[in-house]
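Student: I have this model open and would like a close look at one part of it. Please start with the term I need, and then take me onward from there.

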Amino acid sequence: MYKRAHEVSVFGEAIAYFNEAAEILDLDAGTRAILTHPSRQIVVAIPFQRDSGELEVYTGYRVQYNFMRGPAKGGIRFHPGVTLDEVTALAFWMTWKCAVVDLPFGGGKGGVTCDPTTLSAGELERITRRYAAELVEVIGPDKDVPAPDLGTNPQIMAWFMDTYSMHVRQNTPGIVTGKPVELGGSRGRIEATGRGVALCAIDQLREMGRDVASSRIIIQGFGNVGSVTAKMFAEHGARVIGISDVSGGYYNPAGIDVARAIRYCEEHRSLEGYRDGERISNQQLLEQPCDVLVPAALEDQITLENAGRIKAALIVEGANGPTRPEADRILEDRGIIVVPDIIANAGGVIVSYFEWCQDRAGFFWKESEVNERLADQLLGNFRQVRELARRRGLPLRTAAYVVAIDRVVRALRMRGIYA
Ligand code: NAD
């Protein structure tokens, strides 16, 4: 049985940030009640046949949290820890992530409780197709647009798109984002999240009057987000002094050769055995002195226990939820600036939006155009958040929630309540 790190309601915890921002916005009780209730929660049974011929049933979820600014948008997670509570919290977060970077989407999320590492390609395909078929009536390019998340990938999106297209009897690439480029995916999507993390970090360093080229960077997690972030920093001349993955931390104050580490990881599927630098634990890595710390692996990494020992000037959250709320307060008291996940890792959903636009127009952009628009959309909104934070004396995270909630509330007030 899969056990999560702390047995509390993830959705209950997520609401704490909302409540803080709702106070600042002086939201009335009715509006708060509307925004703390998911619009729709769907639970489906997914019967499927194992390669052995045995029949099994998994449970799938889709939560469409809010539609005020547009169709629901959010990933599909295949993981043993998926629960309705977790999916609801993630859909709630997607609502604010889409709003804070000003995308015409609401928030959604989905998942199937399963362990994809134990499933064959054929089993994964059958699960994906049945899950998509169960949702056909409630999803669509103008209703709800899924994407990959933990345990899912472009191939799974291709099966999902094909199943939906077969049911509605027309090719519908805009039903999901994160597809292979050959099937209507966007150029630049794979790198978008890491690119966005680095763009936010560089913009914030400049705001703090620090020279990017002489900055020391530590990155936890060397997967999609962490490795692209490291590459972008190296391209700007910054010194990446620490990286890590599930095999542990690698620390070299003289600077790690990022291109070599990426090649090593591609060849060996992890950093295990990598020799450029001292081998330290993931915990030790987080506590080394640096200018920028990028947690880009898992949630709950900066906690009450270690927040007092973090020696970074700036934390840029590549992962979702890497900082516990109690740790946030300690970091704030210590003057450590945190660029929150809902902005820092929004590059992926921004380029997902571009993919949806390109699919609907049937016209595909050059990678340079995608990257240029990504920088405009992300940094334009980040600077608005920073300006509000400065004016009202708020941490960036609170300011981000205030901007996002205010945008959703405006849409709600203009549309009104139907019936
Ligand atoms: P990934 O699977 O490609 O990489 C995860 C990395 O974390 C791997 O290098 C893995 O070895 C490492 N890792 C796992 N356990 C670790 C541990 N205990 N200590 C240190 N490293 C560990 O995943 P990803 O797509 O890079 O996503 C990373 C984070 O970013 C996740 O929190 C994800 O939700 C978030 N995120 C990703 C995207 C995206 O577009 N990929 C978008 C938004 C948010």
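Tutor: Happy to! Two strands count as paired if DSSP finds at least two bridges between them. Bear in mind that this is a predicted model. In general, the strands of a sheet pair through backbone hydrogen bonds, either parallel or antiparallel. Here, five strands make up an open sheet, with mixed pairing and the order 1-2-4-3-5. Strand 1 (40-49) and strand 5 (144-148) are at its edges; each has a single partner strand, so one side of each has no neighbour in the sheet. Going from one strand to the next, the twist averages 20°.

Let's zoom in on strand 5. It runs parallel to strand 3 (residues 72-79), and five bridges join the two. To find one of these places on your screen, pick Gly 74 and look across to Pro 146, its bridge partner in strand 5.

Now for the aromatic rings. A pair of them is described by the distance of the centres and the angle of the planes. The model has 16 aromatic pairs. One of them is Tyr 250 with Tyr 274, which is edge-to-face, at 6.1 Å centre to centre and with 75° between the planes. This pair links distant parts of the chain: Tyr 250 belongs to strand 8 (residues 248-251), while Tyr 274 is in the loop between helix 8 (258-268) and strand 9 (278-280), 24 residues apart. Both Tyr 250 and Tyr 274 are buried.

Tyr 353 and Trp 356 both sit in helix 12 (residues 347-361), three residues apart, which is about one turn of the helix. Tyr 353 is buried, as is Trp 356. Elsewhere, Phe 11, Phe 18, Tyr 65, Phe 92 and Trp 96 gather into one aromatic cluster.

The charged end of Arg 373 lies over the ring of Trp 365, 4.6 Å from its centre. Likewise, Arg 386 has its charged end over the ring of Phe 382, 4.9 Å from the ring centre.

Finally, a pair of helices. Helix 6 (residues 189-207) packs against helix 13 (residues 367-392) at an angle of about 45°, and their axes are 10 Å apart. Helix 6 and helix 13 are therefore oblique to each other, and helix 6 passes helix 13 in a right-handed crossing.

Conventions:
Residues numbered from 1 in each chain as written. Predicted model: local features only at pLDDT ≥ 70, side-chain atom pairs only at ≥ 80, totals over all residues. Heavy atoms only, no water. Helix = DSSP H or I, 4+ residues; strand = E, 2+ residues; numbered from the N terminus. Axes fitted to C-alpha atoms, helices over the stretch in contact; angles between N-to-C directions. Phe/Tyr/Trp six-rings, centres within 6.5 Å; stacked < 30°, edge-to-face > 60°. Buried < 20%, exposed > 50% of the residue type's maximum accessible area, 1.4 Å probe, protein only. Lys NZ or Arg CZ within 6 Å of the ring centre and 35° of its normal. Parallel < 35°, antiparallel > 145°, perpendicular 65-115°, else oblique. Left-handed = near helix turned anticlockwise from the far one by under 90°.
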